[in-house]
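Please look over the structure shown below before reading the notes that go with it.

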Amino acid sequence: MSNPLKVIDISKPEDTVIEDLLDAAVNQGFLFVDGHDFQQAEVDTLFDLSSDFFTKTPGEEKQKYEINKNNIGYTGFTTEQLDPRKTRDFKEGYNFGFVNFKTGEFNQSEDRYYGRTDIDNANENPVPPLFEKNSGIISETTRKLHRIALKILELITVALQVEDRRFFVDRHRPEEPSGCVFRMLRYPLIREDDLEEAKQANPDVDPTIRAGAHTDYGSLTLLFQRQGQQGLQLQMGDKDWVEVPFVKSQHEGSAPPLVVNFGDLLSYWTNGLLKSTIHRVKFSPGETRTSDRYSIVFFVHPENATQLTPVPSKLVRDAGGGIEPTAITALEHLNQRLADTYASINY
Ligand SMILES: O=C(O)CCC(=O)C(=O)O
Ligand SMILES: [Fe+2]
């Protein structure tokens, strides 16, 4: 499969990568990022952990950790609907949230996360025992992903010719409350749901679509996929759907490049200059896939209180054409999008 996306190596000197980064952000909204410091063995361990959780935990046990108002927990096969016009997504996921990226603590209680107390109430966002047992690698992974995200954001700041190169970094501080979520996802090979019923209600239902067409909400999304488990597709330009291939790292022993895309918030913040591209997950009919698709995703958001007034850059100003979008906070932006997606959960 040919690769329609750029691959940038963030371990290379800054001035050799920023042009490609900006070009990808402005024209495609997606790219591959190599030169992160994840080893293949490390990422294999994470995927093994994810498959252990999804395939070895009984359904009723998973329900005990069902997604809550903090966007933390397990989403089963009927919870999420990324494209509201279509059937529900046939996939399952587990969201880790309320992470302090300085200490690596995750699923903290609300009071502790917001700094109202030092005491953690572990029952509020309970961690399944398998993840509790492996909390070390989960913490390390989230911290590392956050550092990589900051590096990419700093490169974008330079590419956008913003005077203060820490503009985004200062608004994504690791220990401040934000909408950041670390997520494990599984799309089973065979779908077992009431598709017939869904088809009768809506003849447009396509059983091969596993995550409906959508854009991401935050600033950046970083994703690991596995060889032989493709399925992510993008809507770019006037082309129909473009497949994201699997590509290998240029670094010996390293995990594959991260798939990185820009979310609605960053697009809003840059007057639409950076693209938040529509994507979905689809299994091709009749393909010779032999395993489920697993992905590991990190959704990056700025600190909740961040005011989304346009980024101070001439490129951003020009993109706005003199029109200033309404200044809302990052939290307001996120809440609006979450309310649309989880229509069945009351906030
Ligand atoms: O699993 C994937 O490849 C894509 C997931 C995704 O787009 C999402 O969860 O927002
Ligand atoms: Fe997405």
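Predicted model: local features only at pLDDT ≥ 70, side-chain atom pairs only at ≥ 80, totals over all residues.

Residues are numbered from 1 along each chain as its sequence is written, chains are lettered from A and ligands numbered from 1 in the order in which they are written, and side-chain values use heavy atoms, with hydrogens and water left out.

**Ligand 1**

- The residues that surround ligand 1 include Arg183, Leu185, Tyr187, Leu223, Arg293 and Phe299, where a residue is near a molecule if one of its heavy atoms lies within 4 Å of it.
- Among the polar contacts (pairs of N or O atoms within 3.5 Å; within protein, one must be able to donate a hydrogen and the other to accept it, and residues adjacent in sequence count only if both atoms are side-chain atoms), an N or O atom in the side chain of histidine 214 is 3.0 Å from an oxygen atom of ligand 1.
- Aspartate 216 has a polar side-chain atom 3.1 Å from an oxygen atom of ligand 1, and histidine 279 likewise places a polar side-chain atom 3.1 Å from an oxygen atom of ligand 1.
- The protein buries 97% of the 290 Å² that ligand 1 exposes when taken alone, with accessible areas taken from the Shrake-Rupley method with a 1.4 Å probe, and for residues only the protein chains shown counting as cover.

**Aromatic rings**

- The whole structure contains 18 aromatic pairs, meaning rings of Phe, Tyr and Trp (its six-membered ring) whose centres lie within 6.5 Å, with planes under 30 degrees apart counted as stacked, over 60 as edge-to-face and the rest as tilted.
- One of them joins phenylalanine 98 to tyrosine 114 edge-to-face, at 5.9 Å centre to centre and with 80° between the planes.
- Phenylalanine 98 lies in the loop between strand S4 (92-96) and helix H4 (110-113), and tyrosine 114 in the loop between H4 and helix H5 (129-133), so this pair ties together parts that are 16 residues apart in sequence; helices (H or I, at least four residues) and strands (E, at least two) are DSSP runs, numbered from the N terminus.
- Phenylalanine 98 is buried at 8% relative accessible area, whereas tyrosine 114 is partly exposed at 34%, where buried means under 20%, exposed over 50% and partly exposed in between (1.4 Å probe, protein chains only).
- Phe53, Phe54, Tyr74, Tyr94, Phe96, Phe106, Phe131 and Phe182 make up one aromatic cluster.
- The charged end of lysine 144 sits over the ring of phenylalanine 38, 4.7 Å from its centre, the condition being that NZ of Lys or CZ of Arg is within 6 Å of the ring centre and within 35 degrees of the ring normal.
- Arginine 280 lies over the face of tryptophan 241, 3.9 Å from the ring centre.

**Charged side chains**

- There are 24 salt bridges in the structure, each a side-chain nitrogen of Lys or Arg within 4 Å of a carboxyl oxygen of Asp or Glu.
- Lysine 91 and aspartate 89 meet in a salt bridge of 3.2 Å, N to O, and both of these residues are buried.
- Glutamate 175 forms a salt bridge with lysine 102, with the closest N and O atoms 3.7 Å apart.
- Glutamate 175 is partly exposed at 31% relative accessible area, and lysine 102 is exposed at 51%.
- Lys62, Glu92, Arg186 and Asp292 are linked in a network of salt bridges.
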